[in-house]
Each structure stands twice: as structure tokens, then as C-alpha cells.
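Please keep the sequence and the model in view while reading.

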Amino acid sequence: MAPSGALLLHSSADSLTPPQGCSGISISKDWILTHGAALGSIIDKSYAISNFVTSMAPGELTVAPGELAGELKFRIYRDLGIDGDQRSGSLEEHHGVIAAAWRCSLLEKTFGEFFKTWSFPKSSEFHRSLRSTFLLVRVHDESIAATSVEQALSCLLNQAARSLIRGSSVEIESTPFGNPVFVGSIARGVISNVVGDGGCVIMTDAYAFPGGEGGPVYIISSDGKHRTISGMVIAPLSWCRGEWVDYTFAANLAPCVLNILQKRNPPPSPIIDRGCHENTDATLDKGVVLVRCGINWGTGVLVHKNTGTFLTCSHVVAEAPEREISIVMRPDKPNSRVRARLLYRTPENQPYDVAVLRVDPQELDPSLRSIRLSRAPILKGEPVVSVGFPFSSTIRPTVSGGVVAKPMDCALLTTCCVQSGTSGGPIISRTTGDMLGMVVCNVLSSDGTVLYPRMSLAVPAATLSGPLREYLRTDNPDVLRDFTCDDAVVRKIWDFYPFLPSKL
């Protein structure tokens with residue numbers, strides 16, 4: 001049986017209470033793996049449950065005490081319409097009880113370091129403990145043979161993807177808001193990044209909602225016919241530096257499960273690469289760099305390696321020349337930082353928000369390569385990805401998938417999810433690998449209360465290529481002044497009232 005989604009409702013829920021359950025991963029007929037969020041509705045009400053969770057030693061599998069069995073019971077619903085069978089409403093109901101749990105030491109370290117300045121819903125001490133907690137639920141059914149905890153986790157590990165590559169297509173299966181009506185709902189996106197200790201956290205632009213915690217994350221094969229379990233949703237909602245983050249975070253099952261099995265039964269079984277190498281975007285790192293100016297950072301694109309010429313946004317380097325501009329070619333290598341010279345940048349609040357930088361070509365990382373600007377017409381609906389450095393300047397670039405929502409002569413609107421730090425990053429065609437535009441901003445409501453991360457504006461490649469080609473031909477930085485546009489129509493489009501551009 002391949003892992004599939006499930007819904008868990010705590011047994012205290014009744015017909016008078018609106019159902020608010022949690023998603024889970026059906027490992028086999030007799031085992032469900034879910035997230036600590038399944039205890040979120042009762043942990044504040046039960047001293048015994050809160051003590052059980054907080055007293056668990058990180059990294060140690062703990063068998064649930066028998067005296068808590070009555071408080072750890074769940075109703076379990078599994079969608080019979082799996083593997084493409086769309087029989088609406090065909091739910092299978094069982095009863096189960098939490099048999100074992102553990103607090104993942106990898107996740108605890110990652111939440112304590114990488115996510116230290118982030119905020120999540122329900123941030124009490126109890127709920128912070130639940131973020132890194134895995135629950136293993138035993139399904140009560142006399143017709144099936146019981147398997148041990150170790151066997152259940154080993155079964156999951158043997159099916160989990162071991163190689164996660166940014167840009168690979170993924171699918172989340174969950175129950176939004178924990179409501180049985182939505183059992184088996186799916187959302188699709190890409191692996192945006194893999195972060196944290198041991199690569200234990202998957203970042204994806206696929207949607208998840210509250211109640212989706214515990215739901216499985218799959219890698220989808222290139223032909224769309226096969227999926228491989230890779231993660232479990234742990235945080236569908238979060239905020240970074242006060243900005244709503246429209247990404248879903250999931251536990252990477254391979255390192256998290258392997259870590260607990262190593263403690264229980266060393267030596268571990270050999271790691272088998274499940275071969276999830278469907279990817280067209282891994283090489284994009286070779287043309288994308290981190291740009292720093294003072295305390296600010298953004299993204300830069302190498303457009304001509306022989307001369308060391310980069311593009312970024314004007315607002316990224318707004319503090320120059322008072323502050324030095326530097327380019328970090330490998331965020332994970334501090335010695336890869338070199339000084340950059342500002343050739344030109346458009347004035348404040350004026351289209352097109354472009355800056356051109358140059359570094360000594362001899363100082364370039366040999367692995368870097370130029371990204372080619374597209375000369376082909378941009379088509380509405382064309383699949384694209386954005387690449388940039390939101391959230392952190394110390395990890396590899398983050399990828400988000402989307403489509404061209406509307407191509408215009410002077411602006412490119414996409415559905416890629418972009419956040420602070422993505423400014424200056426490329427919009428890349430998934431078909432050709434060429435750069436279609438440079439990310440400038442997403443959209444903020446005029447009253448400043450609502451941010452729209454999936455409405456991103458970029459400068460089209462055609463607008464960038466003219467002045468850039470002329471500069472490379474003449475080596476005269478004065479020709480870059482053509483990046484500054486005084487056209488009233490263009491200015492009106494980039495103002496896009498009643499919304500405001502939200503600089504990234």
C-alpha cells in the first residue's frame with residue numbers, strides 16, 4: 001500500500017462541535033503518521049497531554065502511556081478514491097489511538113535557528129513543542145495484523161524520496177480546515193527550497209491550509225503518472241519580518257524518520273536513492289547571485305560573464321554610494337563575496353527600477369554562467385519560475401513556479417510567489433530556460449494592509465536587452481540611461497492604482 005492522505009478527528013469532537021481535524025499520512029492499513037498539531041485542540045486543556053509532549057526527550061521515540069489511551073483516541077477517515085479514482089464522498093472510517101511519538105531533534109534545531117525570528121499561529125510553549133512533534137497512530141481493526149512501530153517507520157522510509165531537487169513538481173494531499181468535506185484535496189507546486197539541519201525542512205509554493213498539518217507531500221514524476229512520498233506538512237501559515245509568507249513548510253521525511261530509526265536500531269538501513277531527478281531548474285543557481293548593500297539584500301543576475309556584468313533592482317542598491325555593494329556568489333561560502341561597481345541605476349520611484357553592476361571577471365566563481373535574455377514573444381499562460389533570495393541570505397536561492405498572467409510591452413505579470421529579497425531575480429521560462437524578465441515587486445493594497453505575494457511584476461526581457469546590448473557593444477555606461485523611462489503611459493502602468501508596488 002502506497003502512503004496516502006488521511007483525516008484525524010479527536011474523539012472528543014461531537015455532532016454539536018464543528019469538526020476541526022488534522023491531516024495525516026496513511027502508511028499502511030494499521031498505521032497513520034501525523035503531526036503534533038493533531039493535539040492542538042486539547043493540549044491546553046489536559047495537563048497529562050501537555051506533560052507527555054513537553055517531557056519527551058528530543059530525538060527519542062516515546063511509547064504513549066497506557067493511562068493516556070482514553071485521551072489519545074481519534075476517529076480516522078481515509079478517502080477510498082485514491083490513485084486517481086474520483087469517487088466523491090467514499091470515506092472509510094476507523095478508530096485509532098496514538099501509540100508512540102517523538103520530537104524531532106532536527107526540526108527543533110531548525111526552528112530554533114533558521115526560524116528563530118519567524119512567527120507561527122498559536123505560539124505558546126505547548127504549541128512550539130508540537131511543531132517538531134510526530135505522532136504515530138495505531139488503527140484499531142481486528143481484521144489486520146499488527147506491525148511494530150519500527151516496522152511502520154521503516155516501511156515509510158523505504159518509500160520516501162531521498163533526493164529532493166528545487167523546481168521538482170510536488171503535490172500536497174490534505175484536508176483543509178480539518179473538515180471531512182475536504183478530505184483528499186490536493187494542491188500542486190514545486191519544491192522551492194530545502195533548508196535546516198540535515199535538510200529537514202521542505203519549502204514549497206503549493207498551497208496548504210490550517211488543518212493540512214500532517215498531510216503528505218509527494219514528488220510528481222515528469223509524466224504525471226507517479227508520485228513518491230517526500231514530506232509531511234508542518235506549517236501552512238507563517239510570517240517573516242512581519243511579512244506573510246505564502247509558502248508551505250513540510251518535514252523532509254527521509255532525514256527525520258532515519259534520524260529516529262538510527263537511535264532505535266543502529267546501524268541504519270542503507271539509503272536508497274529513489275531517483276526523483278525530474279528537474280529543469282537546478283542549473284539556474286549558476287546565473288543567480290546575492291546582492292548586498294548595507295543591511296539590505298536582493299538578487300542579481302549574471303548577464304555577461306566575460307565582462308562581469310550583473311542586473312538587479314535599483315532599490316536593492318539604494319544606499320550606494322554611501323554603502324558598499326557586494327555580490328555573494330555562493331551564500332554558503334563567506335569567501336565568495338566580492339565588491340561590485342555600480343554602473344547605473346534608475347532614479348527612485350521611476351520605471352524601470354533597474355541597476356547595472358560590474359565586478360572584475362577574474363573574481364567570478366568559475367561555476368557561474370550567464371543567463372540568456374529571451375528574444376521570443378512572451379505568451380500568456382507560459383509556465384515560468386522565479387528565482388531569488390527571500391527570507392535568508394545564507395541559503396541557496398528559492399524557486400517558485402507560476403505562469404505568465406499577463407504580458408505587456410513594459411511589464412510582465414506572473415503568478416510566481418515572490419517575497420522580500422527576490423528583487424532583481426529572474427523570471428525563467430520553463431520551456432526554453434531563457435530569462436523572460438526581472439522581478440521588481442509584488443502588490444500591496446493602497447492602505448498598506450494586504451500583501452499579494454502571488455501577483456508579481458517584472459521588467460520584460462525586451463526592455464532590458466536594448467540598453468544592455470548597447471552597453472556591452474560600446475562599453476559606455478551613459479547608454480544605460482535608457483533604462484530610465486519618462487513615458488506617461490509606462491509610469492501609469494507601473495503605478496497600477498488602486499494598488500501600490502511593494503518593493504522586495
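This is a predicted model: local features need pLDDT of at least 70, side-chain atom pairs count only at pLDDT 80 or more; totals for chains, interfaces and linings use all residues.

Helix α1, residues 47-54, has four buried members, namely Ile49, Ser50, Phe52 and Val53. These residues lie on the same side of α1, because they cover an arc of only 160 degrees around the axis. An α-helix has 3.6 residues a turn, so residues three or four places apart point the same way.

**Strand β29 and its partners**

- Strand β29 spans residues 451-460, and it is largely enclosed by the rest of the structure, because 8 of its 10 residues are buried.
- Strand β26, residues 412-414, runs antiparallel to β29, and 3 bridges join the two.
- Within this pairing, Leu412 is found opposite Ala458 of β29.
- Strand β28, residues 435-445, also pairs with β29 in the antiparallel sense, over 6 bridges.
- Here Met438 is the residue that faces Val459 of β29, standing opposite to it.

**Aromatic pairs around Trp118**

- The whole structure contains 13 aromatic pairs.
- One of them joins Trp118 and Phe249: the ring centres are 5.4 Å apart and the planes stand at 85 degrees, so this pair is edge-to-face.
- The pair connects distant parts of the chain, since Trp118 belongs to strand β7 (residues 118-119) and Phe249 to strand β16 (residues 248-252), 131 residues apart.
- Trp118 has a relative accessible area of 9% and is therefore buried, as the cut-off for buried is under 20%.
- Phe249 also counts as buried, at 1% relative accessibility.
- Trp118 forms an aromatic pair with Phe391 as well; this pair is tilted, with 5.2 Å from centre to centre and 55 degrees between the planes.
- This second pair likewise links distant parts of the chain: Trp118 is in strand β7, whereas Phe391 is in the loop between β24 (383-388) and β25 (398-407), 273 residues apart.
- Phe391 is buried, as is Trp118.
- Ring pairs gather Phe111, Phe114, Phe115, Trp118, Phe120, Tyr247, Phe249 and Phe391 into a cluster.

**Arginine residues over tyrosine rings**

- Arg227 is placed over the face of Tyr218, at 3.9 Å from the ring centre.
- Arg454 is placed over the face of Tyr207, at 4.1 Å from the ring centre.

Technical notes
Residues are numbered from 1 along each chain as its sequence is written. Side-chain values use heavy atoms; hydrogens and water are left out. Buried means under 20% relative accessible area, exposed over 50%, partly exposed in between (1.4 Å probe, protein chains only). The arc is that of the directions from the helix axis to the C-beta atoms. Two strands pair if DSSP finds at least two bridges between them. Rings of Phe, Tyr and Trp (its six-membered ring) pair if their centres lie within 6.5 Å; planes under 30 degrees apart count as stacked, over 60 as edge-to-face and the rest as tilted. A charge sits over a ring if NZ of Lys or CZ of Arg is within 6 Å of the ring centre and within 35 degrees of the ring normal.
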